[in-house]
Amino acid sequence: MKQNRARMWLLPALAGIVILTPFAYSAGRYAWASRFAAQKPFLQVPSASSQRCVRDPEWMRLNHMDLLEELRDKTVREGIRSEVTLRSCSQCHKDKTQFCDKCHQAANLRPDCFDCHSYSADRSVARLERGP
Amino acid sequence: MTTATPAPVQVEPDREFRSRLIASGGEDLKKCFQCATCSVVCELSNERKPFPRKEMIWAQWGLKERLLPDVDVWLCHQCDDCSARCPRGARPGDVMAAVRREAIFHYSFPRWLGHWASRPRSLPLLLLIPCLLFGLMAWLSDSLEKVLGASHNANRIIFSYWSQLPQWLLIAFFIPFVVLDTVAMVLGVMRFWRDLRTCDHEVERTGPRQSLAASIRSAARSIILHEDFGRCTTERGRMNSHRLVLFGFAGLLAVDFWVLTLRVNPLLGNGFAYPFNFWSPWKILANLAGAAVLIGCYLMMRDRMARTDPTGTWFDWMFLGLTVAAVLTGFGCELLHYARVDPLRYATYIIHLATVFALLVLLPYSKFAHMIYRGTAMVYAAHTGRERRGGSREAE
């Protein structure tokens, strides 16, 4: 009977460990962050502080992908080019690794923007010049 | 030594109640001839006034007022040892299940909702109403946001699966139903507990009485370890599928709790809070728990289909079906998200939310409610000293 009782505990104990691990992980991360690192904003502060973004930051956080897709469709289907481009984003948010990538990596997202477009201003100018 | 002659009792059979039991799974009820094989072979029954024999004759007479508040009905875990050994094929296990179903309807608050939800023709409406509500919410969410002055949290970035159904809107929609559900369950349990006392004379209490706190502890222990399921022989496989579903639901509940608190959780710093990375411990837990529920449900369905005898009622199948639908659409949302199949993704999401809504709203009125009533009965049995066969657990 002893062995049987141990077996009975096995699955509940395993389930308990699996369920509690994320709580422990989050608490541990919190403790670590508050002890060893100052609270920093997640994204790098845009360098050109005088210039305002095309929309307010909260809106941009949630809807930038829709805005970019809308502008893309307007450009390629109707030929209406906007002032707002990935290049204009990069004028303030200079470092892609500190801006786009941080959230996308955290959320396991692979946006296809950068399959064709280069974020850095210099290279995108070079490519534009090669156009017809 | 004088033995008191029992006073004659006039039995008033409730034929309508009996027909309901027969209609909802107890169709072989009338075959019982009170041989007591069932009570002898049952591993979970008691030594004094054991079940399910007495429940069988009560059911034959339609004695509703004895069956509904009977604690023994809920101590039964439907191992089906009785049904397998019954020489007449009266399937006492199925009769006990039918009584439990009636008890859930009887104690649910409001009662009409339980009866309404139990009808097969209610299901389309039950899924259509939330689908329409979510569609309406998605359509109106921008104007709602302006009217209510809700704003996206400035400190934390919380993405919603669909920007038309932001987190605050879903929370604002679901929380009132959770509160109503909780109120309904508390009222149901209070009614049940009050009525349990009226049936006290029908079950003898020979075991030690425990304090309420100790009874709750022992019931919780028994549920977590599946001690009662572990004594079953005929339907032993049910223990593992039930474990998977129970622990899977517990895991999903933990993740839900975490996601609900994203806006106010002090453990989260400012910055990116949601969605989770695929390798985030929360995401791993959610995926594992969803898989556990799915595998458990699959095993239950397989076992139920493999039975040569009646294969369960609408009541059983609807609960199982809704659970499977909720988990499958949940995984569907995840896969379609990674595959970025956009219009289909939102449609799947709406169906997922509708099935979750149906499960949630039906919690006190469907088979889901077995957890609160069986839990209450187990606590009551320990509290009042209704001893189980085999003596106390510690003696094993």
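How many residues of chain A are in contact with residues of chain B? The count is 26 residues of chain A against 27 of chain B, where contact puts two C-beta atoms, placed from the backbone, within 7 Å.

## Ground rules

This is a predicted model, in which local features need pLDDT of at least 70 and side-chain atom pairs count only at pLDDT 80 or more, while totals for chains, interfaces and linings use all residues. Residues are numbered from 1 along each chain as its sequence is written, and chains are lettered from A and ligands numbered from 1 in the order in which they are written.

## Where chain A meets chain B

On the chain A side, helices H1 (2–36), H2 (57–78) and H4 (100–106) each give two or more residues. Helices here are DSSP runs (H or I, at least four residues), numbered from the N terminus. H1(A) gives the most, with 14 residues.

By class, this side of chain A has 19 nonpolar, 5 polar and 2 charged residues. Ala, Val, Leu, Ile, Met, Phe, Trp, Tyr, Cys and Pro count as nonpolar, Asp, Glu, Lys and Arg as charged, and the others, Gly among them, as polar.

## Confidence in chain A

The mean pLDDT (the predictor's confidence in each residue, from 0 to 100) of chain A is 78, and 74% of its residues reach 70 or more. Where pLDDT is low, the predicted coordinates should not be read in detail.

## Two domains in chain B

Chain B is divided into domain 1 (15–107) and domain 2 (111–395), with bounds from an automatic or database domain assignment. Their centres, taken over C-alpha atoms, are separated by 27 Å.

Across the boundary, 31 residues of domain 1 of chain B are in contact with 38 of domain 2. H7(B) supplies the largest share of the domain 1 side, 7 residues. That side divides into 12 nonpolar, 6 polar and 13 charged residues.

## A helix pair in chain B

The axes of helices H13 (281–306) and H14 (314–339) of chain B come within 10 Å and cross at roughly 145°. Axes are lines fitted to C-alpha atoms, for helices over the stretch in contact, with angles from 0 to 180 degrees between N-to-C directions.

Among the residues that meet are Gly290(B), Val293(B) and Cys297(B) in H13(B), and Leu320(B), Val324(B) and Phe331(B) in H14(B). The residues of this contact divide into 9 nonpolar, 3 polar and no charged.
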